[in-house]
Every structure is written in structure tokens, then in C-alpha cells.
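The entries follow in the order in which I looked things up.

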Amino acid sequence: MPFTEEEIKARVQKGYIVESPEEMTDGYRKALAIQLTVQADTELMSAPSYWMAARHAPSANTQVSAHAIIQDELAHANIAYRLLEDMGISKQKLVYEREPHEFKHPYGFDQPLDNWADLVVANGFFDRAGICLLSDVHRNTSYGPLKRALVKVDMEETFHLRHGEVWMRRLSRAGGAAKEILQRSVDWMFPMTVEWFGLPDDRKRHSGQLEYRLKGLTNDQLRQLWMSSTVPLCERLGLDVPAHFDEASQSYVLDYPFPCQYDASEKRWLFEEGRITWGQVFERWKGRGPMNEIYVESIRRSRGQVSSWLN
């Protein structure tokens with residue numbers, strides 16, 4: 001091992017780029033593996049989520065656009081899993097041999113997308129969260145292979161975001177029932193994405209991603225970055241969101257108890273029940289959402305079918 005833990009932390013903070021697993025310390029390798037696994041699992045599980053929602057597309061044209069996004073997401077997942085393979089971690093085991101609840105994607109991708117509005121708001125909210133996270137990684141990561149791989153990913157995620165924004169604008173302008181359905185999608189997905197960024201900075205105990213310069217921004221900074229574009233977008237479209245910009249603090253403030261409980265069966269946040277603990281949030285995340293097993297099975301099913309055809 002070429003560096004001690006303290007040496008590699010000091011070097012990457014000064015701009016050193018790690019180019020191979022041979023240069024990694026145990027701590028660096030562990031932090032990078034966790035980050036890449038979350039990235040890969042998130043991209044992978046977005047595919048069945050979007051695929052099942054694409055059947056609600058209003059035309060063949062729009063369904064083709066949705067399928068193009070799904071193709072991108074699967075390619076992005078493969079990039080992250082391939083980088084893990086370079087570190088000696090089996091893609092086969094990660095995709096096909098874990099239990100569904102062991103996948104590390106955000107809770108939002110365990111929820112059903114029940115209509116076209118759900119899909120395009122997911123593009124506008126979830127993919128924007130992905131851009132906030134991965135753009136930060138692209139700018140700041142000390143791992144060279146990941147930095148180069150994210151050039152392609154970042155450009156394609158921007159297309160997904162624009163698809164969501166364009167369709168949110170169309171549904172909003174249509175008014176009536178279309179805008180009502182859009183608002184319902186925003187109602188459950190806005191808090192879902194706020195929660196996506198994890199523990200507040202004052203509660204976070206592990207800072208390996210920052211110490212090893214695998215990312216540059218903290219959880220709360222990323223949350224603010226996401227809200228700084230999402231809240232104005234919704235305001236322009238005449239959509240209500242439970243957040244506002246506070247002039248005094250020059251930051252976005254949530255207008256509901258955070259964190260709070262979510263009723264997955266009703267797709268509704270229980271604001272009226274007040275704040276819950278982050279321990280309760282983790283329990284909900286660990287229990288996964290209603291589509292967890294269905295989405296994982298849909299990814300694995302095709303492999304079994306193809307194998308049966310070849311035998």
C-alpha cells in the first residue's frame with residue numbers, strides 16, 4: 001500500500017488524482033465502493049421504475065423518449081458497476097445475488113410511478129437530484145476513472161431533466177385535471193427528494209467522502225443546491241411546494257416538519273403528525289418501499305429468460 005490513511009487524505013485534498021485500486025488505502029477503497037454502489041443501484045432501479053410508468057405515455061413519440069431515458073440509466077448503472085469490478089467487486093453478485101432490500105438506492109425508487117405526471121416529475125426532481133450529486137462528484141472527485149466516466153453521464157442526465165421540465169410545463173399550462181394530477185405528483189415527490197440527500201450536516205457522523213475528496217459538497221449544501229433550482233421552477237409553473245427562500249438566512253427553508261413520516265399506501269406525507277427522528281427514517285428506508293421486490297425482480301427476470309432460450 002503506497003500511502004497511509006493520513007497521507008492519502010492530505011494528498012487528495014491538494015489535488016492528487018488516484019488512478020488505480022493499487023493506490024487506494026483500505027479506507028479510501030471502502031468509501032469509494034459505498035459511493036459507487038449507491039450510484040450504480042440508483043441508476044439501475046430507476047430503469048424499471050421509469051419503464052413501468054412509460055406505458056402511460058400520451059403518444060408513441062413520448063414513449064420513445066421515455067425508453068431512451070431508460071436506456072441511458074441502464075448504461076449509467078453499468079459504468080458504476082464496471083468501476084466496482086475494477087476494484088475486485090463482483091457485478092454479478094451485486095445485481096443478481098443480493099436480497100432486494102440490500103440494494104442501496106434511495107427510497108424514492110421503491111415507489112410506484114402511477115401516471116405520466118409521476119414520470120415527468122421524477123425526471124424533473126429525481127434526475128435533478130442525480131445531477132446535483134454527480135456534477136459535484138465530477139467536479140471534485142479524486143478518483144480519475146470516475147471523473148472521466150461522469151462526462152458522458154452528466155450530459156445524458158441533463159437530457160432527462162429537460163424532458164421532465166418540458167413536460168411539467170406542458171401539463172401546468174394545460175390546466176384543469178392535467179395540472180391537478182401534476183400537483184399531486186409534486187406533493188409526494190418534493191419531500192421525497194428533499195429526504196434523498198440524507199442526514200443533516202449536524203447529524204452526520206461519517207465524512208469519508210469529503211476527507212478522501214470523493215465529493216465536494218455536504219448533504220445540506222446539496223439539498224440547498226437542489227432546492228435553489230426546483231423551488232423557482234415550481235413557482236414559475238404555478239405549483240405549490242412546501243418551501244420558500246428566506247431573505248434573512250439567504251437559504252431555502254422547508255415549510256413542514258423535517259423529517260416526517262410517509263404513508264406509502266396513500267403516497268402522502270403526514271405533516272400533521274409532526275417531526276420524527278432520523279432513526280425512524282432509517283427504519284423506513286431499511287424496510288424499503290412497496291415496489292422494491294417488483295423492481296428488482298423485473299431487472300433479474302430477463303437474464304433468466306435469455307438463459308432458458310440459450311439452453
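Entry 1. I looked up the angle between helix α3 (residues 60–86) and helix α5 (residues 116–140): their axes come within 12 Å and cross at roughly 40°. The two helices are therefore oblique to each other. I noted that angles under 35 degrees count as roughly parallel, over 145 as roughly antiparallel, 65 to 115 as roughly perpendicular and the rest as oblique. Axes are lines fitted to C-alpha atoms, for helices over the stretch in contact, and angles run from 0 to 180 degrees between N-to-C directions. Helices are DSSP runs (H or I, at least four residues), numbered from the N terminus.

Entry 2. I recorded the basis of the work: this is a predicted model, in which local features need pLDDT of at least 70 and side-chain atom pairs count only at pLDDT 80 or more, while totals for chains, interfaces and linings use all residues. Residues are numbered from 1 along each chain as its sequence is written, and side-chain values use heavy atoms, with hydrogens and water left out.

Entry 3. I then asked which residues of α3 and α5 meet. Thr62, Ala66, Ile69 and Glu73 in α3 are in contact (heavy atoms within 4.5 Å) with Trp116, Leu119, Asn123 and Asp127 in α5. By class, this contact has four nonpolar, two polar and two charged residues. For the classes, Ala, Val, Leu, Ile, Met, Phe, Trp, Tyr, Cys and Pro count as nonpolar, Asp, Glu, Lys and Arg as charged, and the others, Gly among them, as polar.

Entry 4. I turned to the second largest pocket, whose volume is about 400 Å³. Of its 17 lining residues, Leu44, Leu74, Val95, Tyr96 and Ile299 are the closest to its centre. I found that α3 gives the most to this lining, with five residues. The classes in the lining are eleven nonpolar, four polar and two charged. On a 1 Å grid over the protein atoms alone, a pocket is an open set of points with protein on both sides within 12 Å along at least five of seven lines, a cavity is a set where a 1.4 Å probe fits but cannot get out, and lining residues have an atom within 4 Å of a point. A volume is the space filled by probe spheres set on the points, which are joined across faces, edges and corners.

Entry 5. Lastly, I looked up the largest cavity, which holds about 30 Å³ of space. I listed its lining as Ile131, Leu134, Leu150, Val153, Asp154 and Glu157. Helix α6 (144–174) gives the most to it, with four residues.
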